[in-house]
Every structure is written in C-alpha cells, then in structure tokens.
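Student: I'd like to go through this model with you, starting with a pair of helices and moving on to the disulfides. Shall we take it step by step?

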Amino acid sequence: MKLLVAIVLSALVAVPALGQSREYQGPPRSPPPDTTDQIIVKWRSSAKQTLSATASQRASKLANSSGTAIRHKRRSTPTTEVFKLDHRMSGSELQAVLDRLNADPDVEFAVADKRRQIQQIPSDPLVTNQWYLLSAQPAATRTDQAWDITTGSAGTVVAVLDTGVRFDHPDLVSKLIREGYDFVSDPLRANDMDGGWDEDASDPGDWVNQTDRNNAVFSGCTVRSSSWHGTRVSGLIGAGSNDGVGLAGAAWGARILPVRVLGKCGGDDSDIIDGMRWAAGLPVENVPPNMNPAKIINMSLGGNDECSAAYQSAVDEITAAGTLIVASVGNDGLPVGTPANCAGVLGVSGIRHAGTKVGYSNLGPGADIAAPAGNCVNDGPPFSEAAPCVYHIQVPLNTGTTGPATDGNIQSDAVSRPNFGTSFSAPLVAGAAALMHDVNPRLTPAAFTTLLQESAMPFPMSSATTTAICRVPTNFVQGGECICTTLTCGAGMLNTFAAVTAAQKPFGIVQSTGTFDPNVAVNISGSNSFGARDRTIASYQWSVLNVTGATPNIVDTAAASTTLQVNGNSRFTLRLRVTDDQGATDDTDFAMVTTTAPEPQQPPPATTPIGTGDGGGGNFDWWLLFLGLLPLALPGPRRRKVANSSAGRSHRRRRRNHFPE
C-alpha cells in the first residue's frame, strides 16, 4: 500500500489579516554579501593519487578543471579542504566553477564557502521576568517545573557556536569552559589581533562601521554595534542560578563550551563546519583535540540557501557520534534556512507568548519544534516604563557598542534593550535537552528529537489577535503573526517539564535484520533498550494487537530477543513493553503487514511497487520495507514519527529555500 498525498498551493500574497494586531518586529535587516572567494572541496577516498599529491598540486588540479586560478588555504580533514579563488564570485559565474569542479571524478563535492549570520533581531533577581521559563503563558516552556527533577549537571556539555562569549559576565563566569576555540579564520573579521584560529573563544565585539565597509571584505555588510550574541545565547542555556545574581539559565547545572565561528559580518561555512566537528569531539587538522566534547550543539545562526553537501556530511558525522544539533530556523518569514534544514538537525521555530507564530520566524519543512522567540504586543520603539516590550527574551549582554565595556556586563530589559529572534528559541530547546541528558545520558540525537516532539504542547487552534493560518511560504513571505500547524511550526510548543519527565522513562528499541515474509521466522530484539540514569531494564514483554488475518506467533514473549513468525497474510501491531527496575514502562509499537503475492499471470509491469515479490514470496508496504530491511533502532509510535520526519527531511533535501540574511 502506498499513500501518496499531493498538496497544491495557489499563488498567495501575504496581507495582514483583518483584526490582526500590530506588533513591533524589529528593524529591517540588510542582506549580507552574496559573494565568496572560497570553496570547500571533499575528495573521494578512492582518489589515492590526488590525496597523496601536495596541496599546491591539488590546487593546480582544481584550477585546471575549473579554468580559474585557485590556491590552497587549509585542510579540515584528510579528505576535505578549503581553497581560495582568485576573486570574489557569485551567481552564474560561481555556479559554473562549481559545476566544472563537481564533474571531476576525484571530487566528491565542491560547494561555495558562504557566510552565515546570527539570528537575533537587534534591538535570579530577574527570574520573575523570564516568563518563557515559567508556566503562566500558553507558550511558556514549563522549565521551572522541570527544575524540581533536575537543574542539569556538569557532566553535560553544551557547545554554543556563535560570536564567542564574555568570560567575565557574572551570569556566566562559573559555567563556561575556558578551553573553547576560535575558528574565525579571516583576521579582519576575527577582530581579535590573533591572526586567525586560536584557543581564545572570547568575544572582542562584532561591530561594523563605515570604515570597515570601505574594505572589500565587508562590502555589503550593515553598519551596526556589537551584538554580544554568543553571550546572550549562552545565558539562556546555562546562566548560573541560585546565586543571587542576574538571570537563570534553563540548565544552570550544565557547562557551556564556547566555540567562536562568527566575527564581524558573520562567519564562513568552512569555519562553522570545522567548529561543529571540533565541538562534537571529532578531529580537525591542526587544532588541538577537544577534551570536553559536547552532547548538544546550539547554532543560533544561518543563511538563505540549501543545506550543502559539506554541511550534510558534517551533520551526519556529528549525529553518528551521538551529538544533537539544535538550530534556529531564521527570521524572515520564509522557508527554513541552513543549517536548520539539514537532515538530522533539530530546527526550532519562533512563537509568541500566546503560541502563535511570531511574525518574523521562518517556517515550513525543517521546523521540528517551536519555542518562544520574544514579542512585544505593542508598536514601539521607543518603549517606555508605561509601554514596555512585554514578552521579550531577557538575556545577559555587554553595553559596549564596539569593544566590551569594562563595567558593561548587564542584562537586557523591556524598555531600552528588548531582545528577540529565533536565535533565542533554539537555546531554550538546547537547555531542555541538557536537562534530559542529565536524567538519561544514553539518549541519542534521534531519541532527544522523539521525546521533545512527543512531549510538546499542541498549538492553540485560535487566537484573539489573528485569524490567519500559517502557510508554508512558496512565492510569498509569511511575515505576520499566524496560527501554527504541525506542517509549518513543528510538532508543537516546547514543554521542558514533560520532556524531562519522558526522559526518565525507559526507552524501548526494537531491532531486526530480517524481512517479514509469511512462513518465515524472523529474529526480533529489544536488547538495546535502555533505562534512565541509575535505572536498568527489568523485564521485556512482546505482544501482538489488532490482528487481522493469520495470528503471529512469538516464541518467547518475555525474552529480550526472540523470533516472530506469521503463517499467512496478516495485519497486526507488534508491541514491545519494557519495564525498568522502578516500575516505569515504555511501549514500542510497529504496524506490520505480511501478504503472500499471487503467482503472476503475466510479466510484471515496469511500475511494480517496491517490495512486491516475484511469485511465491512475500510483499509488504513500502514503509514495512523500510522497517524490515534496515536494523530497527527506534521505538514504534516514536519510530513512525521519526520515519515520517526522515521522509520529510528527504523531501526537504530536495526542496531548499532559504531566508535572506
């Protein structure tokens, strides 16, 4: 059985809904330069001769293939390198060079090394102001209730890939790992006088002035003050609490690993990707090993194009190593941006206090869950004590407009320094994941995603301020408040308390390497199921439910591993219930179908569905083929969600539209 769903969207023009309230969305953002003079090349592992050549010889090979002068910049991994072009390129000129390079049989991929931007919209004693961590508002994350279970632990490391941090900020001073790293390679944009990569992840400021703009490196960049963006994001995840100072972080017991990948006017893909790999504990050439590998990576940054092969390759490596990547979706009311749209990344959209999409948030495929991003409910600015930006996201920052101010470590406020953007949605989810990791350190990236999505609160079905239903942007901008759906904003609204509670339960995993054909005994195993911290699996119970047709037979229903056989056509649900030593249970369900294919009366047509036997064998639905031929590594209802997500992400890999930065 195949279920094919076609969705056709007519040409739409975004207009404010009748009766929709006006709300300050922040100043318009200018797009950064869409040019680059760098490319990322990954050589095929089979290209032994090329890989054994010198760096200059490999650059010459690329120059000959592309017809463009190219020189070697650095090597990231044994097969991945960064090369410099002889001038900045964009559009068709750049694409023509990449096409010629990708035609080289020794090249696995060649992609542009583009620039990424922070996703903010510029703009303890204070914990009562942190509405997004509390439980009163519909979209509040209920993190305060999760703190009754755990506040996180030093054994959980969250890497923040951003502009660096202010190590001296009182909200962060006790939570930051000093042994971070600075991956901003361009000395001018690094702005730290160190001349490239180094072991100092502090933030010197990322301001851009008119003098900067006169330099070609900053062509197209917007004049602005320093953002202290990495300090803001880090504070949301792990600002120290119960210390009588400033703000509370979502997981204040966790530690923050600062990885600087953004400088003045953003950061290059090659630097960001190397920073991602290093943060997860993977080797990066000419960089000391990371002695504090992160279980969770937060990326409140992005760009407006497809998830490149370079990003996807890094994401695949990182998630295989067991590290969850959380990324903001972007702030332009457009389809989800990079890296949130890469398969395996948990993309976070932004919602208002009431649970509707905040106007600026991107949306659509790639938005996996939603969290507060900050909103004001009034026009502004200017804001005032009488008319503040009510639901902004409060964060630590520095008052310096260029370099850091000596006495400038303060917190944002609702009058003079309101703070919002999907940059601040992602760290709320990363903080929730850090709390989950403390109660169950065996959670995989897929398990984190499953539990966060399953425990999410449903979006409100109506709103007092808008009647507009969110639509996936195609040829329009969804730039206003709208009512979220699971197709546009993610599985639901982050509920940290429910996610941490779910993480305390055992996690059932069903695995099989066989195919489910009639009259064939298939091995099934739940032995890789696991309990939460300090808990073990005490019992296994296999069963079948909702049987239509032949009754399946399970040899030993109480064994961790057993065999299943169906002697005929059947539809049924296979369930594994695991119980831990404290009595908590988890059910893992799979909907299964086995049918015996009839003898063919004529040669099968070319359009024979995948999985159909050629006479005498079994066939099964396309989704069962996916479950049967691959090792099953996730639970049933959860598996179906993850499988759907995987299919959706494959779809997303084919449809990439991204926001202007």
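**Helix packing and disulfides**

Student: Which residues of H12 do Ala432, Leu435, Met436 and Val439 in H10 meet?

Tutor: Happy to start there! This is a predicted model, in which local features need pLDDT of at least 70, side-chain atom pairs count only at pLDDT 80 or more, and totals for chains, interfaces and linings use all residues. Residues are numbered from 1 along each chain as its sequence is written, and side-chain values use heavy atoms, with hydrogens and water left out. With contact taken as heavy atoms within 4.5 Å, the H10 residues meet Thr496, Ala499, Val500 and Ala503.

Student: How do the residues of that contact of H10 with H12 divide into nonpolar, polar and charged?

Tutor: Here Ala, Val, Leu, Ile, Met, Phe, Trp, Tyr, Cys and Pro count as nonpolar, Asp, Glu, Lys and Arg as charged, and the others, Gly among them, as polar. On that scheme the contact of H10 with H12 has seven nonpolar, one polar and no charged.

Student: At roughly what angle do the axes of H10 and H12 cross?

Tutor: Helices are DSSP runs (H or I, at least four residues; strands are E, at least two), numbered from the N terminus. Axes are lines fitted to C-alpha atoms, for helices over the stretch in contact, and angles run from 0 to 180 degrees between N-to-C directions. The axes of H10 (residues 426-439) and H12 (residues 496-503) come within 8 Å, and their crossing angle is roughly 25°.

Student: How many disulfides does a search of the whole structure find?

Tutor: The criterion is a pair of cysteine sulfur atoms within 2.5 Å. One of the pairs is Cys470 and Cys482, with S to S 2.0 Å. Searching the whole structure gives five.

Student: Is the disulfide of Cys221 and Cys265 left-handed or right-handed?

Tutor: The sulfur atoms of Cys221 and Cys265 lie 2.0 Å apart. This pair links distant parts of the chain, 44 residues apart, with Cys221 in the loop between H6 and H7 and Cys265 in the loop between S8 and S9. The torsion about their S-S bond is about -100°, so the disulfide is left-handed.

Student: Are Cys484 and Cys489 buried or exposed?

Tutor: These two form a disulfide with sulfur atoms 2.2 Å apart. Buried means under 20% relative accessible area, exposed over 50%, and partly exposed in between (1.4 Å probe, protein chains only). By that rule, both Cys484 and Cys489 are buried.
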